[in-house]
Amino acid sequence: MSGVLVTGATTPLGRSLTRAVLDEPDRGPVLAVGLEETGFAEAEHHARLFYRSIDLRRPRDTHDLLFGPVRDLGIDTVVHAAFHRNVRDFGPHAHALHVEATRELVDLVDRHPTLERFVFLSSSSVYRIDPRRASLIAETDPLDLSPDAPAAVRDRVEADLTVCTRMGLTNARVLILRAAEILAEDVGSQLHDYLQSRLCLRPLGFDPMLNVLSLPDVTRALMLATRATTNGVFNVPGADTLPLSSAVERYGRRCIAIPGPLLAPLYRVRASMTGMEFRYDLNHRRFHFSAVLDGSRAKKLLGYEPTNPIAWPGSARAAHVEKRGGRSAGPV
Amino acid sequence: MTLAARIHRALRRAVLPAREQERLGRVEFQDAGHGFDLFGFEPDAFGASIGLGRLLHHYYFRVESHGVEHVPATGTAILAANHSGLLPVDAALIVVDVFLHTEPPRVARAIGDLFIPFMPWVGTGMNRVGMVSGTRENFRYLLEHDELCLVFPEGTPGIGKGFSKRYQLQSFRVGHAELALRHGVPIVPVAVIGAEESWVSVTRIERFHWFGAPFLPLPATPFPLPIRHHIHYGQPIRLERHFDARDADDPRVASRAAELVRERVAELITQGLALRRRHAR
């Protein structure tokens, strides 16, 4: 009976994963970890679910968690999915969570008596989008190590590489899942933030292909990884591959193309006025050039294939309007 | 549906005859879920481009097609053609010709140069009608997914060679031959006769590198001349009958394989020019 430690358990993704593990009767205990004091109301009612409020930025707390409750519960798998969801909030504290906490966890896993598997949820943002390379990004493609990469991306890349360096050198199996953009609220999705505006701006003359992932699909990929018998880096694509303009339209927003150089200052002004989290500098390359994850390795070795498309709010609304035979009146 | 998609659909309905619209519906298309494939190919945009390209094909360049039965009806294949002109008119004519004359209808996926995605509108537009940026991984993906690929192994030196070197093939790049050998894919040699005289460049500006372009050719005429084109398709070349597929990584083998393809294209050009001379008499 394998038990699972889930970090970042109070995020929508962490909750979805925790519930998915609990739904499988052959699993052992689930130890959910979050920063919030009261993370899971279900913990009081579910015999297999335990919740701990831990600040992973403190190495001593992490150590005591792993060699305390994790060892006592006989947990054998860590799913590390904790990350700062607000990309505007970066600095030493964000770096401590993204990179140092990851380093600490993967170091401790190596000498832990019960842990056998470390699953790290990385992101497709670690890849350098380069139109001179393939539109379909494989796991072997270059990472964004450019000096002009924003801090949020550099942290992601460093954490990913930190885990990569342990692969094959520890007793535990190490898996890195580089997930496509998860289009959901409160999971740090830049595209989701971008789509919250009624009017979405995109660069004139460019309409790149995007791939987006739904919460059920990333949950399923993580579930498959918790049973994996292999090490490796795996791309996790979503079921929706479409141009940026179609994504905007399907979300029920209006898309306007304007000259690319104007986008960064406009979005900076908009962010300062409205407090939105979307940062164009993080996205300017993928708003110009297609980048779709190649999931063939995950399909072959993990048995993962995306099956749950995004429930696009614009599509539902359009269908509703069509059914009534009327015209659309505005965004949802 | 986006405005662009609506325009593509309306244009496709307006310019593509009913029979071709029915054939377009039978095109093998790997929909990634929203009416586009992974590279951005969109059947409506392709249909609209075929509808417009058909007018050029039939009435402006009066293209005569020879040996199109050599294009496999199904499965992966590579079309390797000579290259010329300032814009890829030859590529457009081959794509239209293949669609109009194959049964079931096939889409030739042109493998474009790496600077094309940097060009506003052009990169996206080319993707919508089936072009794929010419990286090894993109090419490999197409070969593994039963696509018909169109390559110009001369590359940009082909379009920059000038009128005095018309129908003289430049050296061939080897990537297509290496991948064809490794994947056991047939290469169909293609000769385009007429394109090398229709839009001649008088000179080129070597220092022009906007969007990563290698140079800017300056044309003698603002539009290509309405010269009759002949497109010749040769017998498919099975490289694995000449070379061992395990040697695909050997640069000498890949080079010899590319040279074999070049010879077949050159033979086809010679035959095509002779045929054109006979027709002219």
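This is a predicted model: local features need pLDDT of at least 70, side-chain atom pairs count only at pLDDT 80 or more; totals for chains, interfaces and linings use all residues.
Local features need pLDDT of at least 70, side-chain atom pairs count only at pLDDT 80 or more, and totals for chains, interfaces and linings use all residues, while side-chain values use heavy atoms, with hydrogens and water left out.

Strand S10 (residues 209–213) of chain A pairs with S12(A) in the antiparallel sense, over 4 bridges. Strands are DSSP runs of E of at least two residues and helices are runs of H or I of at least four, numbered from the N terminus; two strands count as paired if DSSP finds at least two bridges between them. A:Met209 has A:Pro243, in S12(A), as its bridge partner. Both strands belong to an open sheet of 3 strands in chain A, with the order S8-S10-S12 and mixed pairing. Strand S8 (181–182) and strand S12 (240–243) of chain A each have a single partner strand and stand at the edges, so one side of each lacks a neighbour in the sheet.

The contact between the two chains (heavy atoms within 4.5 Å) takes 23 residues from chain A and 22 residues from chain B. About 2,000 Å² is buried between chain B and chain A, 60% of it from carbon and sulfur atoms; this area is the accessible area (1.4 Å probe) lost on putting the two parts together, summed over both. B:His34, B:Leu38 and B:Phe118 supply 30% of the area that chain B buries against chain A, more than any other three residues.

Across this interface 1 salt bridge is found, defined as a side-chain nitrogen of Lys or Arg within 4 Å of a carboxyl oxygen of Asp or Glu. A salt bridge joins the side chains of B:Arg128 and A:Asp207 (3.6 Å, N to O). On the side of chain B that touches chain A, the elements giving two or more residues are helix H5 (122–128) and helix H6 (136–144) of chain B. The largest share, 3 residues, comes from H6(B).

Within chain A, A:Thr62 is found in helix H2 (residues 59–72). A:Thr62 is buried, with a relative accessible area of 1%; buried means under 20%, exposed over 50% and partly exposed in between (1.4 Å probe, protein chains only). Leaving aside neighbours within four places in sequence, A:Thr62 is in contact with A:Leu56, A:Glu104, A:Leu105 and A:Leu108. A polar atom of the A:Thr62 side chain lies 3.3 Å from the backbone oxygen of A:Leu56.

Technical notes. Residues are numbered from 1 along each chain as its sequence is written. Chains are lettered from A and ligands numbered from 1 in the order in which they are written. A polar contact is a pair of N or O atoms within 3.5 Å; within protein, one must be able to donate a hydrogen and the other to accept it, and residues adjacent in sequence count only if both atoms are side-chain atoms.
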